[in-house]
Amino acid sequence: MKPAQQRNPWSWVPSISFSQAVPYVAVMMLSTVMYKNLGVSNTDLAFYTAWLYLPWVIKPLWSPLVELVGTKRRWIVLLQLLTGASLAAEALTLHLPQFFAMSLAVLWLMAFSSATHDIASDGYYMLGLPSQGQQAAFVGVRSAFYKLAMIAGQGGIVYLAGRLIQSSGDPAWAWSVVFGVMSALFLLLCAYHQLILPRPETDRRHRGGAWWADFIHTFRSFFQKKGIGAILGFLLLYRLGEAQLLKMAAPFLLDPRDKGGLGLSTSEFGLVYGTIGVCALVLGGLAGGVVISRFGLKRALWPMVVVMHVPDLVFVYLATALPTSTVLISACLAVEQFGYGFGFAAFMLYMILVADGEHKTAHYAICTGFMALGMMLPGMVSGWIQDHLGYQKFFIWACISTLPAFFMTARVRIAPEFGKK
């Protein structure tokens, strides 16, 4: 076996990227489907699972701990061990009398662990791949394996849960098995990383009393950026409609027709939304990147905003027509998800533009915190709104909620050549 410092990046970059996505998918996506299967109301489901965004919102506040305590390699391994244990604990809570509160508490632990793991992993990549050429070469690899984990989670895992529900008739048992399997696989991944991750000489804890002063200066300099009001408005409102729609997509697809839903089984949901939908999302993101590289973000932004938000109308159609054809439902969801991925590429590049300059990494983390806040707050109330309006009127409301994104797009300032190859 090669010395740790000389290992091929292919031996660890894909697996870390995969492991970054797994707990996020479990916390933000699988939990919604699981609670719907277990009979939790849309109001409670949306409110409490949306709160789980909070660790990603505030993670820049405790990022100094990753620098001050231990190495990033150690953080990665220990947090993966904690995540594996959390997945096992989640499996054990689902038959308890207070399963909802207990399982949410475990998901909170998993969410904080995942958000901290992201901090350590992002920093570790830059240390394990010290040259900019290596970092650039593996950007696509990281993205591909992260998306692969999303497909495996939203598609494969949900499909497995659905099949187990059909065979046993017990959703709690089915999801316990699913989380138990995920725990075993994640603990194996943790053991693999303990053995295989390189030990870069630069991966050591930060020393020096000036660190905290630099930390405060980093935050202050972000909020002193020119046009910060428009920047924050764009980050918070760009996905206002999408944040509500995404939180209610699973309940709508799973609810029976007499409640205004499409009545898909959990397995069908895993195939239609978790696999076909996520593949369309990935293709949309790739297409968005191509368009930006050719025309630049400034010229591409308005068309990308339109392509992202107009397809939300397919949910209005689905809630009105209630089609029974799985092919038609899949096509509609693919269109909407492709548009979301296409427009989200512009959002991601805009955050890179905002973060550019001194403290680039920290400022990008702050941007992602506001991005998560823009998903958390609307998501919290989406279930309550849907319970009062019904699915059809709720999706009309979600489409109306996209209008602030157009308003903020008109206010942001972008250099003409930014993003253009």
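Predicted model: local features only at pLDDT ≥ 70, side-chain atom pairs only at ≥ 80, totals over all residues.

Biologist: Where does Y391 sit?

Modeller: In helix α16, residues 360-400.

Biologist: And which residues is Y391 in contact with, leaving aside neighbours within four places in sequence?

Modeller: K36, N42, M248, P251, F252, D255, K259, G260, G261, A319 and Q386.

Biologist: How many salt bridges does the count come to?

Modeller: One, taking a Lys or Arg side-chain nitrogen within 4 Å of an Asp or Glu carboxyl oxygen.

Biologist: Which parts does the pair tie together?

Modeller: K36 is in helix α1, residues 13-37, and D255 is in the loop between α11 (240-254) and α12 (266-295), so the bridge ties together parts 219 residues apart in sequence.

Biologist: Is D255 buried or exposed?

Modeller: Buried, at 7% relative accessibility. K36 is buried as well, with a relative accessible area of 16%. The cut-off for buried is under 20%, so both values qualify.

Biologist: New topic, helix packing. At what angle do α12 and α13 cross?

Modeller: Roughly 140°. The axes of α12 and α13 (residues 297-309) come within 7 Å.

Biologist: Which residues make the contact?

Modeller: From α12, they are G288, V291, I292 and F295. From α13, they are L297, R299, A300 and M304.

Biologist: How many are nonpolar, polar and charged?

Modeller: Six nonpolar, one polar and one charged.

Biologist: OK, α15. How far does that helix reach?

Modeller: Helix α15 spans residues 326-355, 30 residues in all. From first C-alpha to last, α15 reaches 42 Å. That is close to the 44 Å expected at 1.5 Å a residue.

Biologist: What happens just after α15?

Modeller: G357 takes a positive phi there, about 115°.

Biologist: And which phi does L322 have?

Modeller: A positive one, about 45°, although L322 is not a glycine. L322 lies in the loop between α14 (313-321) and α15. L322 counts as partly exposed, at 24% relative accessibility.

Biologist: Let's jump to V66. Where is the residue, and is it buried or exposed?

Modeller: V66 is in helix α3, residues 54-68. With a relative accessible area of 2%, V66 is buried.

Biologist: What is V66 in contact with, beyond four places in sequence?

Modeller: K72, W75, T116, I119 and A120. V66 and A120 are 54 residues apart along the chain, and their C-alpha atoms are separated by 6.4 Å.

Biologist: What about L82, where is that?

Modeller: In helix α4, residues 72-93. L82 counts as partly exposed at 32% relative accessibility. Leaving aside neighbours within four places, L82 is in contact with L109 and S113.

Biologist: How far apart are L82 and A101?

Modeller: 20 Å in space, C-alpha to C-alpha, and 19 residues in sequence.

Biologist: Last one, A362. Which helix is it found in?

Modeller: Helix α16, where Y391 also has its place. A362 is partly exposed, with a relative accessible area of 30%. Y391, by contrast, is buried.

Biologist: And how far apart are A362 and I329?

Modeller: They are 41 Å apart in space, C-alpha to C-alpha. In sequence, 33 residues separate them.

Technical notes:
Residues numbered from 1 in each chain as written. Heavy atoms only, no water. Helix = DSSP H or I, 4+ residues; strand = E, 2+ residues; numbered from the N terminus. Buried < 20%, exposed > 50% of the residue type's maximum accessible area, 1.4 Å probe, protein only. Axes fitted to C-alpha atoms, helices over the stretch in contact; angles between N-to-C directions. Contact = heavy atoms within 4.5 Å. Nonpolar A, V, L, I, M, F, W, Y, C, P; charged D, E, K, R; others polar. Expected span 1.5 Å × (residues − 1).
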